[in-house]
Amino acid sequence: MWSHGVSRLWRAAYLRTVRSTFATVPFYRYRWAVDGRTDPVLVPGRTGTHGGAVSPAEVESAQVDLVPLAGGRLEADPSRGLGPVLRPLPPGALVAVLDEAGSRPPTDLPGRVRGCVLDPDGMADGASVVLAELTATLTRGGTVLAVGTDKHLIRLAGALPAEPAVRLGRRPLRELDQLDGGPYGLVHDRMLGYLGAFGACGRWHLDWHRVYARETDAGLAFTLLRQDSPRFVDVLVGGGVRGRVVPCPRHGTPVVLT
């Protein structure tokens, strides 16, 4: 069962986001007006499209119109939400996101935890400044946590000297349709960022303070509750992945089953 108040607080945060979005974001104002959806109830006799959910392709094609009328950031941030989904890290830890050149480091890591981006394609010659910093930190006995796809994590371990590589922490990325049995990992979407993580209880927990998910006839739709711009509401992650959102029997907070 849901823990006391979690369901009520989660739903209330979603409704506030929907109302604000309907009032201020051009893309959703137009779409929901056409579908007959307001605040966020469907007008009787007008069922809308997939209960108001939108595909990633629709969102990408309307990028400018996802910015509220008052203005805001235009680009999506693939590193959004990384800090909150990581388990506690010691002061001075270094989090390395394995991603393409040009990506921005995460900005929401806990205090005294550093973050950087390492281009997997730039590790082959061993001359990367970031790779040298990772090696030095591990050699000193510091904590380094690498976040990336399985392929990129294997490549990083192979680029490090043998002893530091043994001490490297790893968190593999999983898209919504790739969830497995752990023992650890992060739920990630290129557009919405980090949505949750594999918990110690053996379930895929959503970051419910920042992410809302609901079931639709087209798949699970996700909403970012604390991102002002660009605004992502009821996005069908992965183009629509069938699944359920249920309470964790141990923690009473939302977990996703696919």
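I will start at the hairpin of β8 and β9, where five residues lie between the strands and G202 takes a positive phi near 85°. Strands here are DSSP runs of E of at least two residues, helices are runs of H or I of at least four, and both are numbered from the N terminus.

Before going on, the provenance: this is a predicted model, in which local features need pLDDT of at least 70 and side-chain atom pairs count only at pLDDT 80 or more, while totals for chains, interfaces and linings use all residues. Residues are numbered from 1 along each chain as its sequence is written, and side-chain values use heavy atoms, with hydrogens and water left out.

Back to β8, residues 193-198. Six of its six residues are buried, meaning under 20% relative accessible area with a 1.4 Å probe and protein chains only; exposed is over 50%, and partly exposed is in between. Which strands does β8 pair with? Strand β9, residues 204-206, runs antiparallel to β8 and is joined to it by three bridges; pairing requires that DSSP finds at least two bridges between the strands. In that pair, W204 is the bridge partner of F198.

**Helix α5**

Next, α5, residues 129-139. Its buried residues are L131, L134, T135, T137 and L138. They sit on the same side of α5, because they cover an arc of only 165° around the axis, the arc being that of the directions from the helix axis to the C-beta atoms. The face turned away from that side carries the exposed residues V129 and T139. What covers the buried residues? The list includes β3, β4, β5, α6 and α7, with contact defined as heavy atoms within 4.5 Å.

At the start of α5, a side-chain oxygen of S128 comes within 3.2 Å of the backbone nitrogen of V130. That is a polar contact: a pair of N or O atoms within 3.5 Å, where within protein one must be able to donate a hydrogen and the other to accept it, and residues adjacent in sequence count only if both atoms are side-chain atoms. Just after the helix, G141 has a positive phi of about 90°.

R73 is in the loop between α3 and α4. It is partly exposed, at 33% relative accessibility. Leaving out residues up to four places away in sequence, R73 touches V67, R104, S229 and P230. A polar atom of its side chain lies 3.1 Å from the backbone oxygen of E75.

**The whole chain**

Overall there are seven helices and 14 strands. Of the 258 residues, 50% count as buried. The C-alpha atoms fill a box of roughly 65 × 40 × 30 Å along the principal axes.
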